[in-house]
Amino acid sequence: MRLKLKDQYRIRKEEDFAIIFDRRTEKIQKKLNRISLLEYELLKLFNGKYTKLEICNLISKNVEPNLVNEYLDAFCQKYQKYLVECTKEDIRTDIIVKKDYFKKENYASNLRLSTPLFISLVLTKNCTSYCKYCFSDSNQPNVQSVFLDTKDIVRLIDECKRLGIANINLTGGDPFSHPEIIEILKEVINSEIDFNISTKKILSDSEIKQLKNIGLKELQISLDSSNNEIASYLTGVKDYYVKMKQVISKLLKDGIKVKVNSVLTSYNIETIPKLIKDLDEIGVKTLFLTPYNNSLGRHDDLFFPTFLQYRNLNHYLSAYQGNIKIDYQSPRLFSDKKQLSDIQSCSGGRMGLVIYPDGNTSICERIFDNKFSVGNIKKEMILNIWQGEALTKLIEPERKNFLNSKCYDCENYNLCIYKKGLCFARAKMINDNYWSNDPLCPKDAAYYRFS
């Protein structure tokens, strides 16, 4: 029997441990698992090239064969969710994310790595639509257009390869509002680094042809409803669904896979079953359903779906047996009591960085305040920013920053602020102060809707 690491997983070596992670952009920020260097070396052999017996022979030097068999069986059991049976023709050559920099670091958070695992490149704040719910508040009138320079991006990509950065998220605004987006995509494709790019732009036939010619394999399209009136209202683009449906069909015809992301609001959530049916007919195979989130951008509580709307959608999806793979996690609709364990760990500055059009870097795409800049890629290398004092002070802050807040004298300060990481965006949304408690904290008696 041959086993290989499933295609969505990769491994990367640090100095005294290694990590295994989901390579997909929508998953890579959420979780990674530390593994021993011995397990790392063994996982390297699960590339489809060897049978289990051959792997046993490779690792059985001076060891009793029965003991090796028992160990390998136990190992396969431990990693069963990561492994899949394969044929000898189905060999992976991309399991390992290589890096040139290794240094043992003593960080407070277990998530903090010696080099970033992913970066988000905000190519521009320009956009071709004006979405009612835009979390980045893009496309503001009377704001000067700023674009991340292509020369800087080329240099960044080279450094990303050396640092073992596994994923680049090209975002905005709308990345297709960047005047040199085709050249940028060429560079990213040639780097062989995993990446994601999403757009709401109504692409022309010429642009689609260019994407095909440079070898783009997959594109994410943002589309919230197949009801043309609702889709047009949410995006501010006339006949948005009619036009985007044509774009999707042309992309698929040219061999470019299309993933669709839909933001669930009170306006469109009831049209999702119809959207799923229509996308299936077009030939789309993957749909992400993203609950609308409160943000520092354009926000209105009216966009929150009702609990009944969520329940009805959940009921529909639980019975769905169609051809589309639907990636959806229902928000927590009710909570008896807040618990510290419910607060997710923050990967910003611990696993990844955000780079803005002016070159400033930060830990979160949802924070626009330049005082949260931890460096500028036009002046510094990513590694210097990652190891810099500004980033450390931001993610391992002194208690005095939280004076007069619930965090200041809290017994869970180190666990919540250092190890998990404070959600500055949520703190600012509710408390109008970045240096205050996360509103999900059990010590905050009030309940707030974020999705």
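Okay, a quick definition to start: helices here are DSSP runs of H or I with at least four residues, strands are runs of E with at least two, and both are numbered from the N terminus.

Before going on, some housekeeping. This is a predicted model, where local features need pLDDT of at least 70, side-chain atom pairs count only at pLDDT 80 or more, and totals for chains, interfaces and linings use all residues. Residues are numbered from 1 along each chain as its sequence is written, and side-chain values use heavy atoms, with hydrogens and water left out.

Back to Asn-404. Its phi is positive, about 70°, although this residue is not a glycine. Is Asn-404 buried or exposed? Buried means under 20% relative accessible area, exposed means over 50%, and partly exposed is in between, using a 1.4 Å probe and protein chains only. Asn-404 has 77%, so it is exposed.

Glu-192 is another non-glycine with a positive phi, near 65°. You'll find Glu-192 in the loop between H6 and strand S9 (194-199), and at 68% relative accessibility it counts as exposed.

While we're on loops, look at the one between strand S8 (167-171) and helix H6 (181-191), where Gly-173 is found. The peptide bond from Gly-172 to Gly-173 is cis, with omega near 25°.

Now the inside. A nonpolar core, for us, is a set of buried Ala, Val, Leu, Ile, Met, Phe, Trp, Tyr and Cys residues joined through side-chain atoms within 4.5 Å. The largest one has 78 residues, and Leu-121, Leu-211, Leu-219, Ile-248 and Leu-279 touch the most other members. Which helix gives the most to this core? That's H9 (residues 240-253), with six residues. There's also a second, separate core of 22 residues, including Ile-11 and Tyr-79.

Contact, by the way, means heavy atoms within 4.5 Å. Leaving out residues up to four places away in sequence, Leu-279 touches Leu-223, Ile-248 and Val-260, among others.

Last stop is Asp-152, in helix H5 (residues 150-163). Its relative accessible area is 15%, so Asp-152 is buried. Again not counting residues up to four places away in sequence, Asp-152 touches Ile-377 and Lys-378.
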